[in-house]
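Have the viewer open as you read.

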Amino acid sequence: MLFHSLKKYKKQFFLAVFLLLSLNISCIQAQDKTETKNENTTKVAYHFDFSNRVHHTAKVTVSIPTAPKGEPLKLRMSRSSAGRYALHEFAKNVYSVNAFDVNGNKLDVVRTSPYSWNVLKPSDNMKVEYTLFADYADGTYSGINTIQAHLNAPATYLLLDNFYDENFEEDASIRKNKEDKDAQTIKVTFSLPQNNSFKDNNDEKWTVATQLPQINDSTFYAPNYYYLLDSPVLIGNLFWSEWKEDNQNFRVALNKTGTPTTDKEATEYVEKIKKIVKEEIALFGEAPVFDYGTYTFLLNYQPTAHGDGMEHRNSTIITDVDKLDNNHLFTVAHEFIHAWNIERLRPQSLEPFDFSSTNMSSELWFGEGFTSYYTNLVMLRAGIIDETRYADLMNGMLNYVLTSPGHNFHSPAQMSQQAAFADAATANDPLSHYNTFITYYYYGGVMGLALDMEMRKRFDKSLDDYMQELWKQFGKTEKPYTMKDLERTLAEVVNDKEFAQNFFQKHIEGNELPDYNTLLNTVAMHFQLTQKGKVWFGKLGLDIDKKKTEKNATISNYMLYDSPFYNAGLEKGDVLVSIDDKLITSVNDYREILATLEKGKAVRVTYERFGKKNSVEVMPVQIPYRALVYLAENEPITTKEQVEEREDWLSTKQK
């Protein structure tokens, strides 16, 4: 918005009056043109009233200057959310949908599906009102209470379906429509608490944090629905911090009410975020050019939040129930990497993102998995964690993937396609995921580790080189990539087409696991068994019924594929009676029996199913868990070059 000012000059009175009148007339004319332009470009305006926030509701009024002609006005809620890959029926929390013409007369509204409504005879300058219930603050849903309004856009806005494609250009997002990024197609106004009577605490004043460009303290705009639906909003008593890095502006907005945080604590926390920002810019070689010049970290750490983090094009929103904690910085690091990887370096399978259904992608092993690999590495490179903590984190990732049977059923590419059933999706019936699913975050993460080690071992290159080249070709240019593009670019970076083909065929589109001990030797590390010589029957949980005289030890988890108990035919719900006639009436009984088992020696297991006892011979196997160990120079399998390679891998990339 342009503001005009007048300069006073010491001239003759009549000349001063003449100039003043002339300038005023010019200002009025210019102002009228600006307002007319904005009014013409604004096709819908939302207004949020939080006066009933104590009951977790907002009253939303939608103003529609021009109604569709000769057809109903179609309204609908989104069914998915950017950054999530499963269906979420947001319409379940919208009610009291009403419409009124310019004179306040009520218009007929009919519900046409669980997530859509029609205004039968719409008119120009009409209004639609609805009530939003929101009490789950995380990256997917919205949460409203007396200390915040946390709004995830798809869970919040009732959309005008008639205009969704035609006027708001679902495909023409900011990514493809930069020349129109300042168009005020959609306006959003929030009624903020003012004066003590509206405040829950007299010393608190609510402010608004969002990636939406700002008109004034309470009004923002979006050029199209795509950008609106990608723009979360955090409103509350916020701590603000701003700085510049690589010619881009950065902001932190932290809700400091629910879990009280001093400005000193918040400032110290921001300093750690700055380290992460610097390290990740160094990783990719440059910061993205943010559409409105600013990237915003929306941090909502308060008692009613739920642990989560969600990436958006020019912001991230991160939630947790705790106050400031270094553990939250892992989420900060992960989500900010997404400003490159997945927001701009983006697979074709997510273009355009379908808010009415869900996109299936085969590349989440890269978009989410490689991001997970770098999350821990960046935290180490930035000096926030040490090498011991880094090894522990990678232990967890590697052990989870290598001991999970899911890799027998799905490759990383195929596992990415399972996101629709796993990414915060819910089901009442049991799933087979314990045997068939590995999260693509970790599956892709360990593939990132393997590729990094392969490139270092064979080509004097690293995964950093690969990420930077992908950024140049597809992220900076915002050209969506395919799986073949990822393979071709790898071949270009290492100058070896056969290697790239084999890696993708075996480990990405195939489910062959890399040899991590051989690969980690490249950086003087070893992945060794933690309980060598000790055996078991596989992961087992036992429920002990202490109320019965004869205490029953009931198996409480599904058996993992190819484990000794799985192959022997035992399953969840069976009562484990004895092993070699040693009764099991407690968890300690079972542990003591495990300690006596010998590798290569079968035992007789007696169990009860549906009231009938059965016995079976079972062969225990080596407990498979391993731990990463840093090897010192001059150890038998370690050279100076390997130690130097490790130092290069783990050290900061800032110049």
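**A walk through the model**

The chain has 17 helices and 30 strands, taken as DSSP runs (helices are H or I with at least four residues, strands are E with at least two) and numbered from the N terminus. Before going on, some bookkeeping: this is a predicted model, where local features need pLDDT of at least 70, side-chain atom pairs count only at pLDDT 80 or more, and totals for chains, interfaces and linings use all residues. Residues are numbered from 1 along each chain as its sequence is written, and side-chain values use heavy atoms, with hydrogens and water left out.

Of the 655 residues in the chain, 53% are buried; buried means under 20% relative accessible area, exposed means over 50%, and partly exposed is in between (1.4 Å probe, protein chains only). Take the contacts (heavy atoms within 4.5 Å) with a separation of 6 or more: residues 24 or more positions apart account for 70% of them.

Now the rings. The structure holds 44 aromatic pairs, meaning rings of Phe, Tyr and Trp (its six-membered ring) with centres within 6.5 Å; planes under 30 degrees apart are stacked, over 60 edge-to-face, and the rest tilted.

Tyr400 is partly exposed, with a relative accessible area of 27%, and Tyr442 is partly exposed at 34%. Elsewhere, ring pairs link a cluster whose members include Trp365, Phe366, Phe459, Tyr466 and Phe504.

What about the cores? A nonpolar core is a set of buried Ala, Val, Leu, Ile, Met, Phe, Trp, Tyr and Cys residues joined through side-chain atoms within 4.5 Å. The largest has 95 residues, and Ile273, Phe297, Leu299, Phe366, Tyr466 and Trp649 touch the most other members. Leaving aside neighbours within four places in sequence, Ile273 is in contact with Trp243, Val252, Phe297, Leu299, Leu329 and Val332. Apart from that core lies another, of 54 residues, with Ile64, Ala155, Ala222 and Tyr227 among them.

Which residues does Glu245 touch, not counting those up to four places away in sequence? They are Phe250, Val277, Lys278 and Ile281. Glu245 lies in strand E16 (residues 238-245) and, at 18% relative accessibility, counts as buried.

Finally, look at Thr42, in the loop between helix H1 (13-41) and strand E1 (44-49). At 11% relative accessibility, Thr42 counts as buried. Not counting residues up to four places away in sequence, Thr42 touches Pro65, Gln184, Thr185 and Lys187. Between the C-alpha atoms of Thr42 and Ile64, which are 22 residues apart along the chain, the separation is 8.9 Å.
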